Amino acid sequence: MIANYHTHNVYCGHAEGTIEEYTVKAIERGLLELGHSDHFPFCFDVLNDGRMKYEDLHIYLDEVERMKEKYKDKIKVFTGGEIEYLSDFGKYYERLLNSKAVDYFILGQHFYSPDGFKYVNVYVDFKNDNPPVMDYAKSCMDGMKTGYFLYLAHPDLIFLNDLVKGGKLSDECKRAISYMVDESVKNDYVLELNGGGYNCLEEFSDGMRHPYPVRYFWEEVAKTNIRCIIGSDAHHPDAVYNKSHDELKEKALSMGLNLVERLDID
Ligand SMILES: [Zn+2]
Ligand SMILES: [Zn+2]
């Protein structure tokens, strides 16, 4: 791995390590590019659980700028953010990107708003039977279509619920996966192989294993030329890049995925 654009830090409240600790660790481990992409706030308080506070945003942005300058001879640092796509917030993403306050966003669709009014949290609301996975897939693809996002983070994560409950994917999940794959081919979207699920083991009906990547999803992607990139989704400096990511890379290559090592961020 030479670049990692998916890392968190203390500002979201559930990750350990300062921005500088992640930066120093990335240099030690030999990364050439590092994007800080903590859970990014919206400019109002309702949805701000598990993400940095809006009032801390300027401190976060200043601190990443400081890292860019301080370590510029050792590593290329980017200011990023992991955020959901909500259609009402177009101006918000645009303002941050156009002003260069952030270099990129990655789309981490932890919740979505099917009608622009009600919010569906995929961790909470998708625990029911027959979660609306096609709605979710559409919300991700609508987000990617805007051009605000560098890539789609953990695109396979929601399909995990079905695997946990029944041990196999429903036909509706397969339809949603096929839709996401087709749209990604058509529009040249980049999909992330998320390192978060590869850093741990969980009990499934087929035994102990890494919870994701969800194999079926990536087998479908492997039939195409979609660009895939590994993002470590580090919530601790040690996870910024470690041997689990090398294993994930091996696995991706052996599946025939079109793995890219870095992306152009302007
Ligand atoms: Zn997180
Ligand atoms: Zn995420």
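**Entry 1: C228**

I began with C228, which is buried, with 22 other C-beta atoms within 10 Å. The cut-off for buried is 20 or more, so C228 qualifies. I note here that the model is predicted. C228 lies in strand β11. I then looked for its contacts, setting aside neighbours within four places in sequence. I found L191, L193, V221, A252, L257, N258 and L259. C228 and N9 are 219 residues apart along the chain, and their C-alpha atoms are separated by 24 Å.

**Entry 2: D233**

I moved on to the loop between β11 (227–231) and α8 (243–254), where D233 is found. Its phi is near 50°, a positive value in a residue other than glycine. Most residues other than glycine have a negative phi. Is D233 buried or exposed? I counted 25 C-beta neighbours inside 10 Å, so D233 is buried.

**Entry 3: D188**

I looked up D188 next. Its phi is also positive, near 60°, and D188 is not a glycine. I placed D188 in the loop between α6 and β8 (191–194). D188 has 10 C-beta neighbours inside 10 Å and therefore counts as exposed. The cut-off for exposed is 12 or fewer.

**Entry 4: K186**

I stepped back into helix α6, where K186 sits. K186 is exposed, with 9 other C-beta atoms within 10 Å. I checked K186 against I226. The two are 40 residues apart in sequence. In space they are 9.4 Å apart, C-alpha to C-alpha.

**Entry 5: α4 against α6**

I turned to the packing of helix α4 (residues 133–145) on helix α6 (residues 171–187). Their axes are 8 Å apart, at an angle of about 10°. Angles under 35 degrees count as roughly parallel, so α4 and α6 are roughly parallel to each other. The crossing of α4 and α6 is right-handed. I listed the contact residues. From α4 they are V133, M134, A137, C140, M141, M144 and K145. From α6 they are E172, C173, R175, A176, Y179, M180, E183 and N187. I sorted this contact by class and got ten nonpolar, one polar and four charged residues.

**Entry 6: α4 on its own**

I tested the length of α4. At 1.5 Å a residue, its 13 residues should span 18 Å. The end C-alpha atoms of α4 are 18 Å apart, which agrees. Which residues of α4 are buried? I found V133, Y136, A137, S139, C140, M141, G143 and M144. I noted the spacing in that list. An α-helix has 3.6 residues a turn, so residues three or four places apart point the same way. I then asked what covers the buried residues of α4. The cover includes β4 (104–107), β5 (111–112), β7 (149–152) and α6. After α4 comes G147, with a positive phi near 80°.

**Entry 7: α1 against α2**

I read off the contact: I19, E20 and T23 of α1, with E63, V64 and M67 of α2. By class, I have three nonpolar, one polar and two charged residues in the contact of α1 with α2.

Conventions
Residues numbered from 1 in each chain as written. Chains lettered and ligands numbered in written order. Predicted model: local features only at pLDDT ≥ 70, side-chain atom pairs only at ≥ 80, totals over all residues. Axes fitted to C-alpha atoms, helices over the stretch in contact; angles between N-to-C directions. Helix = DSSP H or I, 4+ residues; strand = E, 2+ residues; numbered from the N terminus. Parallel < 35°, antiparallel > 145°, perpendicular 65-115°, else oblique. Left-handed = near helix turned anticlockwise from the far one by under 90°. Contact = placed C-beta atoms within 7 Å. Nonpolar A, V, L, I, M, F, W, Y, C, P; charged D, E, K, R; others polar. Expected span 1.5 Å × (residues − 1).
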